[in-house]
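Please keep the structure open while you read.

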Amino acid sequence: MIFKQLNVSDGEAAKASIDQQLEALGKTGDEIRTAKAKLHDARAQLKVQQQEMENAKAQVEAGKVQASDALAALNTQKIIATIDMSVAASKIDAGTSQIDQAQTQLDAGKEQLDDAKESAMEGSDLNDILTLDMLKGILAGENFAMPAGYVAEDGISYLVRVGDKLENLGELEDLVILDMGLDGLKPIHLSDVADVAVTDNSSEVYAKINGQPGVMLSVEKQTEYSTGDVTDRILDKFEQLKSENEELEVTVLMDQGVYIDMVVDSVLQNMIYGGILAILILFLFLRNIRPTLVIACSIPISVVTAVVLMYFSGVTLNVISLSGLALGIGMLVDNSIVVIENIYRMRSEGVPGKKAAIEGAKEVAGAITASTLTTVCVFAPIVFTEGITRQLFVDMGLTIAYSLAASLVVALTLVPMMSAGLLRKTVIKPSKKLDRVRDAYGQLIDWALSHKAVVLLAAVLMFAGSMVLEIRQGTSFMPEMESTEASLSVTTEKGTSFEDTTRIADEVLEKIQDIEDIETIGAMAGGSTMSLGSSDNSVQIYLILKEDKKLDSNQLEKEILKRTKGIDAEVAVTTSSMDMSAMGGSGINIQIKGKELDTLQTLATGLAGKIENVKGLQNISDGMEDTDAEYRIVVNKERAMEHKLTVAQVFQAINAKLADPSSATTLSTATKDYGVYLEKDTDEKLTREDIADITISVTNNEGEKEDIRIGDIADFQRAVGPQAITRNGQSRYMSVTAEIDGDHNIGLVSDEVQKILDHYELPEGYTAEMKGEDETINDAMEQLILMLLLALVFMYLIMVAQFQSLLSPFIIMFTVPLAFTGGFLGLLVSGKEISVIAMIGFVMLSGIIVNNGIVLVDYINQLRKEGMPKREAIIAAGKSRLRPIVMTALTTILGLTTMAMGLGMGGDMVQPMAIVTIGGLLYGTFLTLFVVPCIYSIFNRKNYKKDEARLQEDEGNEAIAESV
């Protein structure tokens, strides 16, 4: 909306003319009113005389007077009436003439007033009557509807609402903004003083798709809806629109629904492949299709049960929960393997099928229950953690717990039932190869028991060495994931015009558009893209990559930076738009806290210069690009007070000239709300030099008004200042930030930066600390370590309840560091650093690896209770439990193989977890078969013969009591 500028001198002359016309009209109106009064008096006299004549006539008719007297009186009255009527008629004629003359003058005055009004509207200054502030107030006051209160009538309360809202542009134009209350002077409407028009910001928006102009749409889902469902409905709507308009083309630059679908499909494929590999391992060991089918049935039943429990507990099918299912696929068959192997062994010893099914399941029921509980309980401490660790892995923990609980129920019910039938007529053939392996393993255990110190020392050295070597690899928050989407931002120097920024963006698009792996390019800036991280000097570019791309993420980033080298702008590439590390802040972030902004800026600039030489850092920023150029006006208080001016008054005068137009009100329509802005059509952009010429009107000591120039009472300085003052803990701070290049990880680089920070001198009252990704990693690691310690406590307590002993669980707990050694070695071999995902693998590993120890120690105790010496019991239990231990380890390992290889979209995210689990199981299982027997031999000195004698004595006493 534009308010017309009015000339001051012309306006004063027009106003004077209007005042004169109004005065003349006022005098003419007085004369008309006087003439009308006289005419009214004459008419009154005439009515009186007519009444007298009527009375006289009545008397004659009534005969109350003589005819002569009546005639004489009547003639006399007629003469008098004729004379009076002549006089009144002459007065009426004179009054009518005056009225006609006054009416003519009044019409002429009206025309002059209308002309004067139009002239005033077009060329005079009405700022004394209508100012922008007054118009804003009128618009806000007229476009108003508000409840005023309640009135009670007949026991019913009625809400009283005052006013209504403007609904369209026509109502806005016809809005009366001034009515002077003069006869014949029309009210002033908004359209009389302003041009009302609807405008847009298309000139401030930049959008291109594959080099062609376009319109960008960004759609966000509501919380309660699924991303996949929302994106499917949006894509269906696009297809409908395209069918209705053949010229419409829609290109999807970012679709999280498709990405999620691809990741989910990848995880599901890994689950299927893992299940198939686990079943193949069973068949190779059992060499019989019937027991293999029994165990294979436990996988789908357990998965379906887990999905049902997920549904009722509100766990959705997402990347994290499905990864939990994929990780659990190999473990789902562990319980069934132990049960079926024990039944299979009894059948080979000649035990009937039904009895073997019952006794075989009963013999291992306690062991597999304890092993399942230890695996599940490692996720129980999640409830004691906080932050992103809890948010990410609650779903995974619940999913694994559900699936393993289902597998335990299946192993203790379905597997024995099916085994009793399917294995009833099965002929168990002895395996010579397996017997030779068992014999060889028995000899190795015998050697290890004779050289326990060597075995334990080697295990400790391997654990310490692998941990130190892996820690030197560094740390990271989340592994980067390969994606078919990428993005880059083009940021020009602060203050660069929007047109120049978009021109540079066009250059970038031209340089990268022929990269073979790029399928579609979209760029946008301005408008609503502010919410997407864009600004006046920044353009966001989105890339859709081919699924069969030849360059990996690092190679693509280097290629883009190579091609855009020399561009007069900063180009930052993000090769994975779904990189989960962004959840915890990316790269290096150092917060410098203090009081004075100028000091903070100086410290930030100095620190940024110190870390420039750290290898692995790029795009180092001292936060000064987020500052605005300032023109500081320092008011000389003494000079200003000579004119009775304060700093606040100077501010008000300058602010009135520089303040951006604000919305006076909102015009609400059926489809959209429009902000109503007022501005003068002659407004000009002021320069810094113009500010000095702004004047303030004051009254001097002599009572005269004078204009004081701001340049005469103030000094001017050029400086820079932050766009916004940021605070943390009530303290101001500035951030020094940097990104990590593709060849380094955050852990090692953060250590180097921390060393520089420790030696950086700060003034008193100022502090500097690391934030960003490094802080997020440290917090997450602390939470995971706490979770691991609590998990170990829970596992120990569960095993204490299982074994009714404090010693046996202590022996089994030695398998945990053995597994960790394998996890560290797995990360070293694969070149992966320790990450939050890898730490989750260590937590899981601690619950899985003890299962083998539980099965082994439980059977050793059973053999010793039967009277077998300790050494022979250890060797016999190891040989007997060799096959189930190896089988359960291999099924879990092969179930995770495809995930460890990082196959499929999203596989990169859970790859470290799978690597840690596989490495830990391979190494931990191998050493468990040797280290646990050695530790058992050292610590378990319990005499089971005494227990057996006491048990027989108790049974005898019970028999005697019953007979008595």
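1. Of the contacts in the chain with a separation of 6 or more, what share comes from residues 24 or more positions apart? The share is 78%. Keep in mind that this is a predicted model.

2. Some overall figures. The chain has 964 residues, and 42% of them count as buried. Its secondary structure comprises 30 helices and 26 strands.

3. Start with helix H27, residues 870–895, and its packing on helix H11, residues 334–348. The two axes come within 9 Å and cross at roughly 150°. Angles over 145 degrees count as roughly antiparallel, so H11 is roughly antiparallel to H27. The crossing of H11 and H27 is right-handed. From H11, the contact uses Asp-334, Ile-337, Val-338, Glu-341, Asn-342, Tyr-344 and Arg-345. H27 supplies Ser-880, Arg-881, Arg-883, Pro-884, Met-887, Thr-888, Thr-891 and Thr-892. By class, the H11–H27 contact has five nonpolar, five polar and five charged residues.

4. Look at Arg-883 within H27. Is this residue buried or exposed? Arg-883 is buried, because its relative accessible area is 7% and the cut-off for buried is under 20%. Leaving out residues up to four places away in sequence, Arg-883 touches Phe-285, Glu-341, Tyr-344, Leu-434 and Arg-438. Glu-341 and Tyr-344 also belong to the H11 side of the contact with H27.

5. H27 also packs against helix H26, residues 836–865. Here the axes come within 8 Å and cross at roughly 145°. The crossing is right-handed. On the H26 side are Asn-852, Val-855, Leu-856, Tyr-859, Ile-860, Leu-863 and Arg-864. They meet a set of H27 residues, among them Ala-873, Ala-876, Ala-877, Gly-878 and Ile-885. The class count is ten nonpolar, four polar and three charged. Ser-880, Arg-881 and Thr-888 of H27 are in this contact, and they are also in the contact with H11.

6. Spacing is worth a thought when you read these residue lists. An α-helix has 3.6 residues a turn, so residues three or four places apart point the same way.

7. H26 has a further partner in helix H12, residues 353–377. These helices pack at about 155°, with axes 9 Å apart. That angle makes H12 roughly antiparallel to H26. The crossing is right-handed. H12 contributes Glu-363, Ala-367, Ala-370, Ser-371, Thr-374 and Thr-375. From H26 come residues including Gly-847, Ile-848, Val-850, Asn-851 and Ile-854. The contact of H12 with H26 holds six nonpolar, six polar and two charged residues. Tyr-859 of H26 takes part here, and also in the contact with H27.

8. Check the length of helix H23, residues 772–803. At 1.5 Å a residue, its 32 residues should span 46 Å. The end C-alpha atoms are 47 Å apart, which agrees. Gln-804 follows H23, and its phi is positive, near 55°.

9. Finally, Lys-452 in helix H15, residues 452–471. Lys-452 is partly exposed, at 24% relative accessible area. Beyond its neighbours within four places in sequence, Lys-452 is in contact with Cys-934, Ser-937 and Ile-938.

Technical notes. Residues numbered from 1 in each chain as written. Predicted model: local features only at pLDDT ≥ 70, side-chain atom pairs only at ≥ 80, totals over all residues. Heavy atoms only, no water. Axes fitted to C-alpha atoms, helices over the stretch in contact; angles between N-to-C directions. Helix = DSSP H or I, 4+ residues; strand = E, 2+ residues; numbered from the N terminus. Parallel < 35°, antiparallel > 145°, perpendicular 65-115°, else oblique. Left-handed = near helix turned anticlockwise from the far one by under 90°. Contact = heavy atoms within 4.5 Å. Nonpolar A, V, L, I, M, F, W, Y, C, P; charged D, E, K, R; others polar. Expected span 1.5 Å × (residues − 1). Buried < 20%, exposed > 50% of the residue type's maximum accessible area, 1.4 Å probe, protein only.
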